[in-house]
Amino acid sequence: MKILVCIKQVPENMEFLHVNSQGTEVIIPVNMKYRMNRFDTHAVEAAIAIKEQIQETVIDIITVGPESSISIVKRAMGMGADNGFIIPDDSKSYSSPSDISSQLASFARDKQYDLILTGIMSEDEMNAQTGQMLAARLGISSITGIVNIHLMKDKIYLEREREGGIREFLYSNLNKNQTILLTIQAGINTPRYPSLSALLKANNREITIVQSTSSKEKNDQSIIQIKKSEKLRQGVHLEGSIEDKARKFIDMMKERNVLI
Amino acid sequence: MKKTKKVLMIAEHINNNLSPVSKDLIACANSIGNHMPISLNTILIGKKLENLAKYLSQQGTQVTLIESDDLKSESTVSLLDIAGKILEPYIRAENPDIIIAGHSSFGLSFLPQLAIHLDASCITGVKKITKSDDKLVYTRFIYNGKFDTHICSQKKITAITVLPGTFSSKITDKTEAGVIRHLKAKPVKKGPVMIENISKPANTDSSLDDANVIVAAGQGIGQAENLEKIRSFSEIFRRSTIAGSRPLIDMGWLPYKYQVGITGKTVAPDLYLACGISGSSQHVAGMANSEYIVAINTDPNAAIFNISDLCIVDDLLSFIDKVLEITGLCCQKI
């Protein structure tokens, strides 16, 4: 089985971000550490779980991003993936999912993957589009929001989450000539921590730099402005010591007539 | 005179009922209508949906019912996996300016792919639409709800998904039932993934629907054991229950039926207390319509405070202890 997992890096901590004075981009402090997008860690773990079940599985990891993204590729390899690739993208301007998916497609096309996995969305841009768009560009099926993968004989069984606790139970024959793309929802598994020795080994592995062959299309969308998210309700702040706040809170709740 | 924009909505249904997000689609379309003249058409894919079509047609939209032989009762494929293929030829013929779907498992299962095939710009999780220089500006959350980004489409067709609960849907007077068209979809080429069955909704405790007060816990409670404290806190309120945010449920701290948010339950109690919840858009979409919202969080910049009526920046567990201590004393006095 040949699996590709698409991952991206996100800032380790969202708390210290702010917007530049022109309101055109999110400023990430220079000393900010980056980590793998949480949903992508679940995708990597899902791929490794398959590898543990089916011998001769090869897992490729790809990311599109600045060169610093190499560290998340190495982490995925420390978790158990085989080969790492990066498509360098240092552009300061926003790359839309359409753009990223086109770069990923130029890499994945003709590589005959059986499965392509990626997180359901990224924690920073939160588009939840890139996987589906990659599938559209490759002309393959994509199944979104997967919360369970189970292999038996030559079939793959999938569980997709829908609203209100409804689940769809799906299956497919594992067929050499048909790639399936899955976007992975959190909750499918618990991503493993790579052991120190595995991390050290991964650190010495070569990450292949792939130059994107897809021509950069004219942006399909442009960002007009970014700002601190709007207040939808004008909240009252309780001030004072914790005791003051607690007393005031209880009084307010009494007024609303909700206490027992 | 300004050119009328053609707006196409893709409505959702489940168990022969319109999904709640269908209301959000109409509210979103009406918001576009505040900026420019629009013509509305709503698509429903499926069988025996005449009642739903009639209801929709009374909301000021034309309705197109698309029936597909690929979705017979013994269907072997999920609607989610062929909806895009069913819609594509129809949308090409219709040539809309804006396509609106829900920010839901259904909408997200086909809209990004359609956008690629139709050379459209795809903007997901839209929560507000304004106009600047004669162009529509779409607002969506980024960075877990910390920032808003305002986006303009550079393509002729714009495909958007609407974040539930963000467009105010004041009940408009029903209009005369509009035109309902019936279409038969061309058979589509199916993918390799088949459907075995669809589970019933998780056995939802009706307690979330019935409660006047919901005390919801997030990752900020630190560890599973602290849920007991949340439970005690909820017990000082009348007709109350507890709930949790997605990360908490994923970690197995609470069963699925207690999840509030986009993939869980949508609630609107009289009082919602968000305890240690950061306020990601995924969570907010499930509780934004609550009557009164209280947030307790140590991070003064947490996005949850943007939607709260009462903001308490403090250590959650110490605050709850204090409240329990004081209410305990009050009770003794009586």
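This is a predicted model: local features need pLDDT of at least 70, side-chain atom pairs count only at pLDDT 80 or more; totals for chains, interfaces and linings use all residues.
Now chain B. This one is divided into two domains, domain 1 covering 5-184 and domain 2 covering 207-333. On the domain 1 side, the residues touching domain 2 split into 4 nonpolar, 5 polar and 1 charged. As for distance, the C-alpha centres of the two domains of chain B lie 32 Å apart. How many residues are in contact between them? On domain 1 there are 10, and they meet 11 on domain 2.

Next, the interface between the chains. Chain B puts 77 residues into the contact, and chain A puts in 74. On the chain B side, the elements that each supply at least two residues include α4, β7 (121-132), β8 (135-142) and β9 (147-153), and also α9 (316-333). By class, that side of chain B has 35 nonpolar, 28 polar and 14 charged residues.

Helix α4 of chain A, residues 130-138, packs against α4(B) at an angle of about 45 degrees, and the axes are 8 Å apart. Because of that angle, α4(A) is oblique to α4(B). The crossing is right-handed. Who's actually touching? From α4(A) we have Gln132(A), Met133(A), Ala135(A), Ala136(A) and Arg137(A), and from α4(B) we have Pro112(B), Gln113(B), Ile116(B) and His117(B). Sorted by class, this contact has 5 nonpolar, 3 polar and 1 charged residues.

How many of its residues are buried? That would be 9 of 9, so mostly covered. The buried ones run from Thr130(A) and Gly131(A) through to Leu138(A), with Leu134(A) among them. And what does the covering? From chain A, the list includes α3 (97-108), β8, β9 (141-152) and β12 (180-184), and from chain B it includes α4.

The chain B partner has another helix neighbour, within its own chain. Helix α3 of chain B, residues 79-94, and α4(B), residues 105-117, pack at an angle of about 40 degrees, with axes 8 Å apart. That angle makes α3(B) oblique to α4(B). Here too we have a right-handed crossing, α3(B) passing α4(B). On the α3(B) side, the residues involved are Leu80(B), Ala83(B), Gly84(B), Leu87(B) and Glu88(B), and those they meet in α4(B) include Phe106(B), Phe110(B) and Leu114(B).

Met126(A) isn't a glycine, but its phi is positive, near 55 degrees. Where is Met126(A)? In the loop between β8 (115-119) and α4 of chain A. Buried or exposed, then? Met126(A) has 20 other C-beta atoms within 10 Å, so it's buried, given that the cut-off is 20 or more.

Over in chain B, Lys48(B) is another non-glycine with a positive phi, this one near 50 degrees. Lys48(B) lies in the loop between β4 (38-45) and α2 (50-57) of chain B. With 9 C-beta neighbours inside 10 Å, Lys48(B) counts as exposed.

Last stop, Ser318(B), which is found in helix α9 of chain B. Why does Ser318(B) count as exposed? Because 12 other C-beta atoms lie within 10 Å, and exposed is 12 or fewer. As a distance check, Ser318(B) and Ile242(B) are 76 residues apart in sequence, and C-alpha to C-alpha they are 19 Å apart in space.

Conventions
Residues are numbered from 1 along each chain as its sequence is written. Chains are lettered from A and ligands numbered from 1 in the order in which they are written. Axes are lines fitted to C-alpha atoms, for helices over the stretch in contact, and angles run from 0 to 180 degrees between N-to-C directions. Helices (H or I, at least four residues) and strands (E, at least two) are DSSP runs, numbered from the N terminus. Angles under 35 degrees count as roughly parallel, over 145 as roughly antiparallel, 65 to 115 as roughly perpendicular and the rest as oblique. A crossing is left-handed if the near helix is turned anticlockwise from the far one by less than a right angle, and right-handed if clockwise. Two residues are in contact if their C-beta atoms, placed from the backbone, lie within 7 Å. Domain bounds come from an automatic or database domain assignment. Ala, Val, Leu, Ile, Met, Phe, Trp, Tyr, Cys and Pro count as nonpolar, Asp, Glu, Lys and Arg as charged, and the others, Gly among them, as polar.
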